[in-house]
Amino acid sequence: MSFSIATAKADITPAAGVNPYMGGYGVQGPLRVVTSNTPQLHPLWARCIVLWEDSSPHVIVSLDILGIPRSMHQALRPRLIALASWTSADIVLVASHTHNGPAVGDMLDPFIAYDISNRDQIEAYTSWLQDRVVTLVKDTLAASRTTVTLDYRVGFAGFAFNRVGLPTVETAVPMITARASNGSRRAIIYSYGCHPVSAGWQEEWDGDWPAEASDIIEDDAGAFALFLPGPAGDQDPAGDRGWDLRNEHGATIGNLVVSASGSAGRALTGPMRTQFREVSLPLDIVATPANLAAVRAAFVTRMQNPDGQPAWYQRHAESMITRIDSGTYATSIPNPSQVWRFGGSPQLKMAFVGGELVSGYAAYFRNRQGGSNALFIGGYANETSCYVPANNFLPPLAPSFGSYEGGWDPDYPGIAGGSMVVYPQIAHFRAGSSGVESAVIGALTEQLA
């Protein structure tokens with residue numbers, strides 16, 4: 001079996017007058033609106049690599065947006081499946097999780113997070129973006145291919161820290177390099193587990209440090225660069241945020257990848273094996289009439305804002321009351337879980353998990369799968385509907401002051417708080433042996449076996 005690749009990218013920066021609303025940081029300050037007079041620091045890209053194993057294609061598409069909404073993913077996937085003779089498991093979509101890109105779909109909820117009632121511009125851009133992705137994949141499938149070999153190695157970086165104070169800190173920078181017959185680097189897929197927020201709050205479109213890293217890789221290595229976000233749910237960049245820090249962190253990763261990929265790593269071989277499934281992550285909500293009445297009463301109290309909470313908590317409470325009254329609340333969240341497996345010694349397994357995966361899961365699976373040398377794992381894949389916390393982010397193990405990533409606050413621990421306010425859900429995840437941690441570990445363990 002032999003490998004070949006085709007690559008392409010498309011500019012997905014909103015045109016002037018089209019969806020000026022920025023996604024990310026919405027709840028932390030006034031709505032950011034990009035106008036025709038606002039300078040653009042860096043184009044936003046959709047990047048595509050089609051990896052052919054003989055006549056069988058596999059594709060990864062990376063988008064410079066905060067996250068892929070479930071509605072967008074569910075609309076895109078059947079359209080992409082129809083483009084080639086492949087299965088759903090052969091298609092990976094990821095968001096880079098930049099916080100200086102456009103609001104897309106209902107990720108995050110525009111009304112709750114940004115106080116936007118008219119979604120017409122956001123929906124129009126989201127529809128355009130879906131068409132853009134389909135065209136990009138179609139064109140890449142039809143593009144000329146380069147026969148390549150694949151090799152894998154892992155570098156290490158140290159600017160991420162665990163913002164929750166837990167001991168798991170991401171350092172691995174895994175990279176897959178596709179080389180032409182003369183040894184030149186044709187494409188590099190790389191990763192690091194750290195929130196792309198080094199630039200901080202800005203009002204210009206930008207892909208943050210991964211955009212800088214990809215520019216450096218493409219300029220200095222002459223290779224197409226595609227970033228896969230690692231398990232960054234609880235990982236933040238150290239330093240004073242701003243353009244200088246964005247450039248510094250991008251240079252750290254970009255220069256590392258250029259240097260490390262200069263010589264071949266461990267050879268990857270076929271046959272490739274791919275799997276895709278959805279995992280049901282249970283919310284901590286008891287759907288009895290008596291409990292729902294109590295939950296509704298808590299949201300009514302929260303709407304009156306007795307504790308001086310920010311305005312998005314009241315907008316969330318209003319939305320949840322509507323869901324309870326109409327019976328449209330959810331008791332679980334579906335989350336994609338995908339694995340690609342390469343041959344070689346040892347094998348390389350790539351795990352693509354939806355949502356904002358926290359680093360403890362990566363540590364757990366690396367410990368059982370041969371470390372970062374054998375496992376390439378990350379989040380923000382296919383759709384981002386929530387944080388994916390572990391038991392130590394949830395009651396009773398989490399700190400008494402609550403957990404943003406875990407989605408709860410101590411004032412009303414029986415209803416959603418923290419991140420679950422803006423995603424938005426009625427409650428945080430269930431903990432314990434029948435909760436979110438068990439669901440994530442059980443599904444991915446089966447796929448990695």
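# Salt bridges and cavities in a predicted model

Visitor: Why is the contact of aspartate 131 with arginine 79 called a salt bridge?

Guide: The closest N and O atoms of aspartate 131 and arginine 79 are 3.0 Å apart. A salt bridge is a side-chain nitrogen of Lys or Arg within 4 Å of a carboxyl oxygen of Asp or Glu, so the pair qualifies. The model is predicted: local features need pLDDT of at least 70, side-chain atom pairs count only at pLDDT 80 or more, and totals for chains, interfaces and linings use all residues. Residues are numbered from 1 along each chain as its sequence is written, and side-chain values use heavy atoms, with hydrogens and water left out.

Visitor: What makes arginine 79 and aspartate 131 partly exposed?

Guide: Buried means under 20% relative accessible area, exposed over 50%, and partly exposed in between (1.4 Å probe, protein chains only). Arginine 79 has 34% and aspartate 131 has 37%, so both are partly exposed.

Visitor: Why is glutamate 383 called buried?

Guide: Its relative accessible area is 0%, which is under 20% and therefore buried. Glutamate 383 meets arginine 70 in a salt bridge of 2.7 Å, N to O. Arginine 70, at 27%, counts as partly exposed.

Visitor: What makes arginine 366 and glutamate 170 a salt bridge, and are these residues buried or exposed?

Guide: The closest N and O atoms of arginine 366 and glutamate 170 are 2.8 Å apart, within the 4 Å limit. Arginine 366, at 16%, and glutamate 170, at 3%, are both buried.

Visitor: How many salt bridges does a search of the whole structure find?

Guide: The search finds 16 salt bridges. Arg163, Asp236, Arg241 and Glu405 are linked in a network of them.

Visitor: What makes a space in this structure a cavity?

Guide: On a 1 Å grid over the protein atoms alone, a cavity is a set of points where a 1.4 Å probe fits but cannot get out; lining residues have an atom within 4 Å of a point. The structure holds four cavities of 30 Å³ or more.

Visitor: Which classes of residue line the largest cavity?

Guide: Its lining has 13 nonpolar, two polar and no charged residues. Ala, Val, Leu, Ile, Met, Phe, Trp, Tyr, Cys and Pro count as nonpolar, Asp, Glu, Lys and Arg as charged, and the others, Gly among them, as polar.

Methods
On a 1 Å grid over the protein atoms alone, a cavity is a set of points where a 1.4 Å probe fits but cannot get out, and a pocket is an open set with protein on both sides within 12 Å along at least five of seven lines; lining residues have an atom within 4 Å of a point. Grid points are joined across faces, edges and corners, and a volume is the space filled by probe spheres set on the points.
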